[in-house]
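Please open the structure in your viewer and keep the selection tool at hand.

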Amino acid sequence: MDTKQFEALLQEDRRFAPPPAFAAAANVSDNSLYEQAARDREGFWAAQAERLHWFKRWDRVLEWNPPFAQWFVGGKLNVAYNCLDRHLETPTRTKAAIIWEGEPGEERVLTYLDLHREVCRFANVLRQMGVGKGDRVTIYLPMIPEAAVAMLACTRIGAIHSVVFGGFSAESLRDRINDSRSKVVITADGGWRRGNIIRMKQIVNEAIVDCPSVEKVVVVKRIGHESLVEHGWHPGRDAWYHTLMRNAPLTCPVEEMDAEDPLFILYTSGSTGKPKGVLHTTGGYLTQVAATTKYVFDLKDSDVYWCTADIGWITGHSYVVYGPLANGATTLMYEGAPDYPDRGRFWEIVEKYRVNIFYTAPTAIRSFMRWGEGWPAKYDLSSLRLLGTVGEPINPEAWMWYHKNIGRERCPIVDTWWQTETGAIMCTPLPGVTETKPGSATRPFPGIEMAIVNEKGEKVPQGSGGYLVVTSPWPAMLRTVWGDPARYTATYFAKFGESTYFTGDGAKWDDEGYFWIIGRVDDVINVSGHRIGTMEVESALVDHPMVAEAAVIGRTHAVKGQAIAAFVTLKEGRRGTPDLADELKQHVATKIGALARPEEIYFTADLPKTRSGKIMRRLLRDIAEGRALGDTTTLADPAVVAQLREQYEAKE
Ligand code: 6R9
């Protein structure tokens with residue numbers, strides 16, 4: 001977001017108080033949680049932890065040896081037990097845990113009893129394969145209930161899951177399997193996407209030719225076409241999920257986990273190197289995820305709750321699976337695209353299942369805007385009572401559109417800021433309490449301490465901007481980068497010292513102390529709410545035999561938030577043609593996954609560099625966005641930029 005846009009943001013003076021009827025019935029309707037947390041932060045989190053089931057209570061709430069935190073030290077619990085078993089002793093046992101709709105239209109409902117049974121069986125399957133506490137399991141599945149079953153089965157036996165988004169390529173999958181050294185991979189024959197089949201088992205076959213740690217591959221029959229599995233089936237290694245489940249015992253004791261035992265690894269992009277494995281642990285993660293789900297979404301026992309995120313992202317982990325189930329809620333899962341078979345699909349689902357709480361990304365909202373208000377207008381959305389957004393900054397117009405056309409001016413909107421690394425929501429309105437302003441994630445959740453600082457780490461005054469930081473440890477924070485603790489410290493706790501977590505985001509606060517998140521200040525691009533490192537795309541490009549050098553930037557995009565633009569220099573004697581541009585785009589998609597496909601490729605004889613050889617991305621961004629060029633005095637060769645500029649203008 002450029003400065004001008006930002007100035008406009010801070011002049012945003014529309015305000016929306018919680019609707020009185022909503023506030024009157026809300027789980028929180030006054031400042032008591034904020035006050036309680038301000039008086040005794042650890043006591044506040046301990047009270048949240050009390051709502052879980054512990055086999056053994058903790059001895060100490062927090063041990064903070066910056067930058068390493070331990071929460072609920074000495075406590076013992078199990079995540080699957082908290083999400084399933086404890087609800088079997090209450091009327092929740094017969095309630096829908098998961099309502100699932102497949103893209104082609106199938107429906108499945110699993111009650112808590114059903115889900116518990118499936119999870120126990122699959123946990124036994126994994127145990128029989130030799131998977132035990134601390135072992136890693138990679139999950140590469142479409143959005144089907146078996147994805148939640150697989151995650152929960154891992155947690156039941158203390159295995160660490162690593163879910164890889166189904167849109168990632170064989171190579172990305174391979175890197176993640178090898179980094180985590182997974183013993184087992186769980187996949188499906190295929191998945192549906194806009195009526196097409198994604199051949200997931202085949203991608204797994206390609207990935208694991210170089211994965212020495214993998215002993216077994218479990219395959220869910222999602223599509224059922226023979227052709228999807230006729231090649232590359234290894235009888236000693238591969239087995240059908242349904243065959244394994246048939247003989248698996250129905251009961252499975254839970255592993256008593258230490259609060260600080262690892263729960264899962266989730267890979268995410270950073271500014272340098274390969275994606276890093278963000279490690280989350282058990283007690284603190286579940287405590288914050290459960291508490292935020294209850295308070296931020298004002299979750300009630302009778303609600304049908306729908307978070308549209310894929311399970312391959314942190315939002316899917318925390319707010320499709322663990323948060324809702326820990327609260328005994330009904331969570332809806334939809335397999336496919338929002339525009340299949342038509343652009344009314346989401347609203348059809350809301351109407352059909354009487355969805356009460358709906359949580360999605362700004363990029364989706366901007367697509368809905370583009371498709372027109374006629375689509376949601378065709379459906380009965382009166383069941384909705386609360387809306388949420390996550391993943392990127394929401395522009396005020398998109399917020400207003402959401403409020404008017406989806407919320408029908410009745411529903412509070414919670415704009416929730418958080419990250420893979422934070423594990424759970426950090427900055428958000430409480431819908432029964434907080435007056436919202438379109439485009440602002442408002443205030444830190446109770447018990448969370450955040451600030452905006454300048455380059456020296458000093459708090460900036462209200463009304464100005466800087467780096468977004470978290471100033472004290474929080475329960476769901478990442479504990480380390482898998483296999484690379486030095487990278488943990490260097491990435492998050494070096495810029496402002498070992499006690500201050502650096503988010504990688506820039507933000508401003510207004511004179512009422514509301515936070516306005518601007519976006520990444522590092523080399524991470526946020527495309528449709530998905531993080532992609534510039535380095536990853538650059539590595540994929542230079543991997544192509546004709547490419548000499550590449551620089552990649554994120555430029556503003558009306559629907560995706562940001563789009564990837566690549567500046568490429570070719571090897572001697574090669575010419576940049578439209579066909580080659582297409583080939584390079586496809587090359588990146590094949591190497592990383594379709595989400596990383598560049599929107600534009602600019603061929604250039606040279607890249608703008610400083611005299612010390614650093615690529616000046618800021619200038620590239622100016623060029624791609626057609627802006628007046630910033631300071632060029634540090635350039636080694638100013639002529640490079642002039643040439644690029646001409647090329648860009650010729651294209652327009
Ligand atoms: C949960 C998730 C994290 C990055 C984060 C920031 C951006 C997320 C936001 C937001 C503005 C919000 N982001 N929520 N920016 N307002 N409400 O998205 O995790 O995939 O790790 O991305 O997304 O830039 O740093 P993750």
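Which residue has a polar backbone atom 3.3 Å from a nitrogen atom of the ligand? Select Pro393: a polar backbone atom of this residue lies at that distance from a ligand nitrogen. Please bear in mind throughout that this is a predicted model.

**The ligand and its contacts**

Next, select Gly391, where a polar backbone atom is 3.1 Å from a nitrogen atom of the ligand. Then select Arg531; here a polar side-chain atom lies 2.8 Å from an oxygen atom of the ligand. Now display the surface of the ligand: on its own, the ligand has 530 Å² of accessible area, and the protein covers 96% of this.

**The shell around the ligand**

Select the 17 residues that surround the ligand; the closest are Asp415, Thr416, Thr420, Asp505 and Arg531. Two elements, α12 (314–326) and β25 (515–520), each give two or more residues to the shell.

**The sheet**

Select the open sheet of 4 strands, whose order is β21-β22-β24-β25 and whose pairing is antiparallel. In general, the strands of a sheet pair through backbone hydrogen bonds, either parallel or antiparallel. The edges are formed by β21 (450–453) and β25, each of which pairs on one side only. From one strand to the next, the twist averages 45 degrees.

Finally, select β21 together with β22 (residues 465–470): these antiparallel strands are joined by 4 bridges. Within this pair, Ala451 stands opposite Val469 of β22.

Definitions and conventions
Residues are numbered from 1 along each chain as its sequence is written. This is a predicted model: local features need pLDDT of at least 70, side-chain atom pairs count only at pLDDT 80 or more; totals for chains, interfaces and linings use all residues. Side-chain values use heavy atoms; hydrogens and water are left out. A residue is near a molecule or strand if one of its heavy atoms lies within 4 Å of it. A polar contact is a pair of N or O atoms within 3.5 Å; within protein, one must be able to donate a hydrogen and the other to accept it, and residues adjacent in sequence count only if both atoms are side-chain atoms. Accessible areas come from the Shrake-Rupley method with a 1.4 Å probe; for residues, only the protein chains shown count as cover. Two strands pair if DSSP finds at least two bridges between them. Axes are lines fitted to C-alpha atoms, for helices over the stretch in contact, and angles run from 0 to 180 degrees between N-to-C directions.
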